[in-house]
2 protein chains.
Amino acid sequence: MTDAIAVLSGGMDSTVMLVHTLDKGKTVAALSFDYGSKHNAREIPMAADLCKKLGVAHQVVCLPFMNKLFSSSLLQSGGKIPDGGYEQSTMQSTVVPFRNGILISIAVGYAESTGAKEVLLGSHAGDHFIYPDCRPEFNRAFSKTVDLGTDGKVSLSFPFEHIDKRGIGDLGRGLGVDFAMTWTCYKGGSVHCGVCGACLERKHALRYDQGLDVTRYKQ
Amino acid sequence: MTDAIAVLSGGMDSTVMLVHTLDKGKTVAALSFDYGSKHNAREIPMAADLCKKLGVAHQVVCLPFMNKLFSSSLLQSGGKIPDGGYEQSTMQSTVVPFRNGILISIAVGYAESTGAKEVLLGSHAGDHFIYPDCRPEFNRAFSKTVDLGTDGKVSLSFPFEHIDKRGIGDLGRGLGVDFAMTWTCYKGGSVHCGVCGACLERKHALRYDQGLDVTRYKQ
């Protein structure tokens, strides 16, 4: 039994969240989801390696129905991932309908089953308006739903709700996180593409311009 | 594209809900979940047969991780299903943590992906206090969460929230539902056991004492 279950994608936000939570003295088990995204194949081995390094119990939950039944360019079954920043309307295609709702719900059931009292998610203040299931008002409503649906046994925490991705990068650097062990690129190639919305944001967060970003980018 | 997605277990409540919704003139696609319960193997073929008979599109989503990672006597991996009524504390073991939260979330993502504006769930006024994710206050909180998490594209409906299981039975009888094509028993044997909490409730709902229940019971 651990204090908390962390939803761990293998990306930089949830990785820093896990290290930060352990640093505060909590015990944590990690849950990753293979929902058929183009970058799951890159992210999940990184999440597994990280947990091994940290001595954290790690489960991978496979959700093959999402790739089969859902519509999103983020999925292997979907169209091409657009290049360019999140402000462009094309990025709308990367929304996976109610994805965080699904991942949180499963993590809550797992937490209650194992006696963990908290589920941690790495949504942050810099998450973009196109993703409705990353917004603070969604987090509040879902927190209430979880409280009611578990008779108060499990609560949701969004420790980065009030800091942005660069804040997370700085926090992680201070905690000694090796960002080469995290994956961000939506395209899921052999190295980060460097030009999709997710890569552009990672570069900013990890201070690429200042030479602090250890990521290998194609462009 | 259909108007609504119905979460269809193959039990009597969701079956009546589906027939009732079609009777009102809506188009509906059905979604069943194989989450590893002892009675899924009985329920799901009934759900499939019903959809075939009604000409309703039907998808079965498999969630094998629940049987592996979750704790409940309802699951194949769990202990023995207790006999007797729901008022007994032993029935607490049949709770599958946050199950409805998980099923609803997946149905919402599927609805948004297919353009359906409504997700229907057969929770009813007679659902028991031991199941927190069947209560009206849970339904309200989750409805708000779904509204926020889909930017208003999908809404939740609980058409039986204000009637009990006997009311559902009577409604279904009036609509010509063949209850022999529905499954309730938690034990998942070859016929309904007749003595578990779920069977006792089914007998009451279908007016067994009045000779109106077409179900074959072992006891």
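Predicted model: local features only at pLDDT ≥ 70, side-chain atom pairs only at ≥ 80, totals over all residues.

Colleague: How do you know through which surface the copies meet?

Modeller: Two residues are in contact if their C-beta atoms, placed from the backbone, lie within 7 Å. Of the interface residues of chain A, 100% are also interface residues in chain B, so the copies meet through the same surface.

Colleague: How many residues does each chain bring to the contact?

Modeller: Chain A brings 30 residues and chain B brings 30 residues. On the side of chain A that touches chain B, β3 (58–62), α3 (64–69), α4 (99–114) and α5 (136–149) of chain A each supply at least two residues. α4(A) gives the most to that side, with ten residues. Helices here are DSSP runs of H or I with at least four residues, strands are runs of E with at least two, and both are numbered from the N terminus.

Colleague: How does that side of chain A divide by class?

Modeller: Ala, Val, Leu, Ile, Met, Phe, Trp, Tyr, Cys and Pro count as nonpolar, Asp, Glu, Lys and Arg as charged, and the others, Gly among them, as polar. The side of chain A that touches chain B then has 15 nonpolar, nine polar and six charged residues.

Colleague: Why are α6(A) and α7(A) called oblique?

Modeller: Axes are lines fitted to C-alpha atoms, for helices over the stretch in contact, and angles run from 0 to 180 degrees between N-to-C directions. Under 35 degrees counts as roughly parallel, over 145 as roughly antiparallel, 65 to 115 as roughly perpendicular and the rest as oblique. Helix α6 (residues 165–174) of chain A packs against helix α7 (residues 197–205) of chain A at about 50°, with the axes 8 Å apart. α6(A) and α7(A) are therefore oblique to each other.

Colleague: Which hand does the crossing of α6(A) and α7(A) have, left or right?

Modeller: A crossing is left-handed if the near helix is turned anticlockwise from the far one by less than a right angle, and right-handed if clockwise. The crossing of α6(A) and α7(A) is right-handed. K165(A), R166(A), I168(A) and G169(A) of α6(A) make the contact with E201(A), H204(A) and A205(A) of α7(A). By class, this contact of α6(A) with α7(A) has two nonpolar, two polar and three charged residues.

Colleague: What makes α1(B) oblique to α6(B)?

Modeller: The axes of α1(B) and α6(B) come within 10 Å and cross at roughly 45°. That makes α1(B) oblique to α6(B). Here α1(B) passes α6(B) in a left-handed crossing. M12(B), D13(B), V16(B), V19(B) and H20(B) of α1(B) meet K165(B), I168(B), G169(B), L171(B) and G172(B) of α6(B). These residues divide into five nonpolar, three polar and two charged.

Colleague: How do you know which strands pair in the sheet of chain B?

Modeller: Two strands pair if DSSP finds at least two bridges between them. Strand β1 (residues 4–7) of chain B and strand β2 (residues 28–34) of chain B have four bridges, in the parallel sense. One bridge partner is L31(B) in β2(B), for V7(B). The open sheet has five strands in the order β3-β2-β1-β4-β5 (chain B), with parallel pairing.

Colleague: What makes β3 and β5 of chain B edge strands?

Modeller: β3 (58–62) and β5 (155–157) of chain B each pair on one side only. Neighbouring strands of this sheet are turned by 25° against each other on average, direction ignored.

Colleague: Which strands does helix α1 of chain B touch?

Modeller: Helix α1 (residues 12–23) of chain B packs on the sheet and touches β1, β2 and β4 (118–120) of chain B. The direction of α1 makes about 160° with that of β1(B).

Methods
Residues numbered from 1 in each chain as written. Chains lettered and ligands numbered in written order.
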